[in-house]
Amino acid sequence: MTHPYLEDQALMDRIAQGDASAFRTLSQDHLQAIVTFVYRLLHNHAEAEDVAQETFLRAWTNAAKYQPQARVSTWLHAIARNLAIDHLRKRKTRGESLEIDDERDAAPLSGRPSQLLVRKQQALTVQEALLNLPERQRSAILLSHEQGHSNIEIAEILKISVEAVESLLSRGRRQLRVLLSDESDQVKDTRMSE
Amino acid sequence: MKEDRDRDFVTNAFSTLSPVEPSAALMRKVATIPLEHARNEAQSFWPFKHLWQPSLGLACAGLLGFFSGGYLPGTGPSDEPLLTQRELSVAVQPTSDSDDLGDDLDGLLALATASDLAWSLEAVGDAPLENQSP
């Protein structure tokens, strides 16, 4: 039986030796997840794509540094998150705020236009609520609920203990629920007043 | 349990979000990374990771050579002149015209190496030239 990490290591070894086809496999497997993760952190498509590109460039140049103690996905997410945080810091120093680019948020759903509209509104609401979470809570929630990482992997990505991850997730979920409940209450109030 | 309810709630909330598709431009850029950043084969045998490392090594070697060259015995300027007084007086034969003397000196200086220049001038200054001055 082959260990998944050893498979990842074999792939990264080939990339470290300059194997372009191995790198293509890596990007096909992980590019969408990285773009999605970074987009949720930055809320800007152009910046998310820049960060994703830089993430894979670093994966290519630093492939030999990969250690099979974690999945390659965990390693890539850690690189991407660090780069995204750099972008957030630069944005903060420039005094820019986070703005939601909502064109790609809603899950594709075949159905009536009204259903699609509702779905899009829900996605926008979730995205706005995520925006109000502190960065570490947001990262933990995204890595857990959207990217499917375990608490141990999230701890490696965020460079904190597993207990701290559990605490972050607990607080993040609670706050997200409160925020989304408030949003839905506001929507109800607006509809009633109309 | 409240924790579980929160978890389920967030899971449901995330089901409304779709993964972000990377653009064609991004996929093209990522695909060209191995081509644009090809591995440098020289790196496989180059023992230094950064350029400053060999530069620092060379600078240290240069400094060591400079200081050891100045202090080690037998490598510094000798007390013995390269030319004896007689040889100098022959080489710098005074004439009646002071310009000729200057020409001779120029010739001598041209023959001397850069490191011998100061010593030769010092030797010239010691004896014959002073005697010839009016």
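The pLDDT is the predictor's confidence in each residue, on a scale from 0 to 100, and it is needed to read the structure described here, which is a predicted model. In chain B, pLDDT stays under 50 over residues 129-134, a stretch for which the model has 3 contacts beyond four places in sequence. Where pLDDT is low, the predicted coordinates should not be read in detail. Within chain B, helix α8 (residues 128-132) has the lowest confidence, with a mean of 49, whereas helix α2 (residues 24-31) has the highest, at 96. Taken as a whole, chain B averages a pLDDT of 72, and 43% of its residues score at least 70. For the complex, the predictor gives an ipTM of 0.81 together with a pTM of 0.65.

The contact between the two chains draws on 35 residues from chain A and 25 residues from chain B. On the side of chain A that touches chain B, at least two residues are supplied by each of the helices α2 (20-42), α3 (45-61), α5 (113-131), α6 (135-146) and α8 (162-193) of chain A. Helix α2(A) gives the most to this side, with 9 residues. Sorted by class, the side of chain A that touches chain B comprises 17 nonpolar, 9 polar and 9 charged residues.

A further feature of chain A concerns helix α7 (residues 151-158), in which the buried residues are A:Glu153, A:Ile154, A:Ala155, A:Glu156 and A:Ile157. Just after α7(A), the backbone at A:Lys159 adopts a positive phi of about 55 degrees.

Methods
Residues numbered from 1 in each chain as written. Chains lettered and ligands numbered in written order. Predicted model: local features only at pLDDT ≥ 70, side-chain atom pairs only at ≥ 80, totals over all residues. Contact = placed C-beta atoms within 7 Å. Helix = DSSP H or I, 4+ residues; strand = E, 2+ residues; numbered from the N terminus. Nonpolar A, V, L, I, M, F, W, Y, C, P; charged D, E, K, R; others polar. Buried ≥ 20, exposed ≤ 12 C-beta atoms within 10 Å, placed from the backbone.
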